[in-house]
Amino acid sequence: MPDAFADHLIDTPPAAENSLAVYTTLRLGGPAGTLTTAVHADEAVETVRAASAAGRPVLVLAGGSNVVIGDAGFPGETLLLRTGGIEIVGEDPASVVVRVAAGETWDDFVSYAVTNSLSGVECLSGIPGSAGATPIQNVGAYGQEVGHTIEAVHAYDRVADEIRKMTPAECGFGYRASVFKHNDRYLVLSVDFRLERSSDSAPIRYAELARSLGAEAGDRVPLDLARDTVLKLRAGKGMVLDPEDRDTWSVGSFFTNPVISEELFRTLGEIPHWPAGDDMVKLPAAWLIERAGFPKGFAGDGVAISGKHTLALTNRGAGSTTALLDLARTIRDGVRTRFGVDLHPEPVLVNCEF
Ligand SMILES: Cc1cc2nc3c(=O)[nH]c(=O)nc-3n(C[C@H](O)[C@H](O)[C@H](O)COP(=O)(O)OP(=O)(O)OC[C@H]3O[C@@H](n4cnc5c(N)ncnc54)[C@H](O)[C@@H]3O)c2cc1C
């Protein structure tokens, strides 16, 4: 059966039956206990409800681009979410509310928005995975986060056994965080985005993007120019999936940028940083990793830091989750020894520990 998310894995060597590796962008992970594909929201809800009733753990998997699955796999029920659909559910003179099914490919939705002169998600072009996973870690890049445009998340609540419409406040969006992350209570079914009617981008907030556009921070540029420029910047960093390029066999950034107290920051000397509110400071994880002695290409056993981006840990083809996490721990320990700062993983770890 054609699979929007697994198509790019077509060149991956044949894996063991029920291997979850073929459903992840890392191409890592052992077998599923049982694997159910849902193309309709009600099938997805029924699968989760039945597993709950039977006391079986559930792993929801969509694009597999933000999970690290252990080599032993996942013994419970794996739900492959393959629902689709984009529809306008509200409009006013200035904006449109677009409802996107959870299993819809995220970048197809961004492309739809740009093509239809709807502004607000263009800087999130090229991010792999599904629309329904974007609220999970408040997906963000190049100055935009989905939390800026999400109007509501429709989710099946396993505890209350009901479908809820959750407001942004209830979603608790933060930096690569929300109430959904590390919490299997909710199955996101669809997401409503409020987008501005405009053929111009939202004001550009990210310095590197502004420079590439020849614009100033705060300028607005044509939507398609913003999208194309972001896609080029991302491709140069191995941040757009390309089956031929093992620098993209990753989960994107493996580590979040650490947020530390100003007190700790003052002890560290000259380090690039951004204010993070409440007497906190955000540090660039890539800078810390490089200065701690881990350059691009630094390799472990069949795994390595991407040759294009220090934050991306990649499977070179013969890697394992064990080797990937060993490499991640080596980097974490090196940064802690050099700077006294802790790095935390961005992806969700399934049946494995960091
Ligand atoms: C090359 C590359 C670049 C990337 N760049 C970025 C980036 O710039 N910014 C960024 O924020 N992320 C980035 N990522 C990470 C990833 O693409 C996003 O987090 C994406 O939203 C994950 O979507 P997915 O469908 O692949 O989720 P999956 O990997 O399938 O799932 C991730 C987590 O969300 C849960 N989940 C998924 N769908 C649902 C649902 N419908 N309901 C409940 N839980 C669900 C899963 O159970 C799991 O815990 C990148 C990844 C790669 C490989």
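**Exercise 1.** The side chains of Asp 192 and His 154 are joined by a polar contact of 3.0 Å; describe where Asp 192 sits and which residues it touches.

*Solution.* The model is predicted, so local features are taken at pLDDT of at least 70 and side-chain atom pairs at pLDDT 80 or more, while totals for chains, interfaces and linings use all residues. Residues are numbered from 1 along each chain as its sequence is written, and side-chain values use heavy atoms, without hydrogens and water.

Step 1: a polar contact is a pair of N or O atoms within 3.5 Å; within protein, one must be able to donate a hydrogen and the other to accept it, and residues adjacent in sequence count only if both atoms are side-chain atoms.

Step 2: Asp 192 belongs to strand β12. Strands (E, at least two residues) and helices (H or I, at least four) are DSSP runs numbered from the N terminus.

Step 3: with a relative accessible area of 3%, Asp 192 is buried. Buried is under 20% relative accessible area, exposed is over 50%, and partly exposed is in between (1.4 Å probe, protein chains only).

Step 4: not counting residues up to four places away in sequence, Asp 192 touches Val 89, Val 97, Val 98, Arg 99, Thr 149, Ile 150, Glu 151, Ala 152, His 154 and Lys 165. Contact here is heavy atoms within 4.5 Å.

**Exercise 2.** Which residues of helix α2 are buried, and how are they arranged about the helix axis?

*Solution.* Step 1: helix α2 covers residues 106-115, and its buried residues are Trp 106, Asp 107, Phe 109, Val 110, Ala 113 and Val 114.

Step 1: viewed down the axis of α2, these buried residues fall within an arc of 155°, so they line one face of the helix. The arc is that of the directions from the helix axis to the C-beta atoms. An α-helix has 3.6 residues a turn, so residues three or four places apart point the same way.

Step 2: the partners of the buried residues of α2 are β5 (86-91), β6 (95-101), β7 (118-119), β12 (186-197) and α5 (223-236).

Step 3: just after α2, Ser 117 has a positive phi of about 55°.

**Exercise 3.** Is Ser 119 buried or exposed, and which backbone oxygen does its side chain reach?

*Solution.* Step 1: Ser 119 is part of strand β7. Its relative accessibility is 3%, so Ser 119 counts as buried.

Step 1: the side chain of Ser 119 reaches the backbone oxygen of Asp 200 at 2.8 Å. Asp 200 is in the loop between β12 and α4 (207-213) and, at 31% relative accessibility, counts as partly exposed.

Step 2: leaving aside residues up to four places away in sequence, Ser 119 touches Leu 195, Glu 196, Ser 198, Asp 200, Ser 201, Ala 202, Arg 220 and Leu 223. With neighbours within four places left aside, Asp 200 is in contact with Ser 119, Arg 220, Val 221, Pro 222 and Leu 223.

**Exercise 4.** Which residues line the largest cavity, and of what classes are they?

*Solution.* Step 1: the structure has 1 cavity of 30 Å³ or more. A cavity is a set of points, on a 1 Å grid over the protein atoms alone, where a 1.4 Å probe fits but cannot get out; lining residues have an atom within 4 Å of a point.

Step 1: the largest cavity holds about 30 Å³ of space, where volume is the space filled by probe spheres set on the points.

Step 2: its lining consists of Val 48, Val 58, Val 60, Arg 158, Asp 184, Tyr 186 and Leu 187. Strands β2 (58-61) and β12 each supply at least two of the lining residues.

Step 3: the lining has 5 nonpolar, no polar and 2 charged residues. Nonpolar are Ala, Val, Leu, Ile, Met, Phe, Trp, Tyr, Cys and Pro; charged are Asp, Glu, Lys and Arg; the others, Gly among them, are polar.

Terms used
On a 1 Å grid over the protein atoms alone, a cavity is a set of points where a 1.4 Å probe fits but cannot get out, and a pocket is an open set with protein on both sides within 12 Å along at least five of seven lines; lining residues have an atom within 4 Å of a point.
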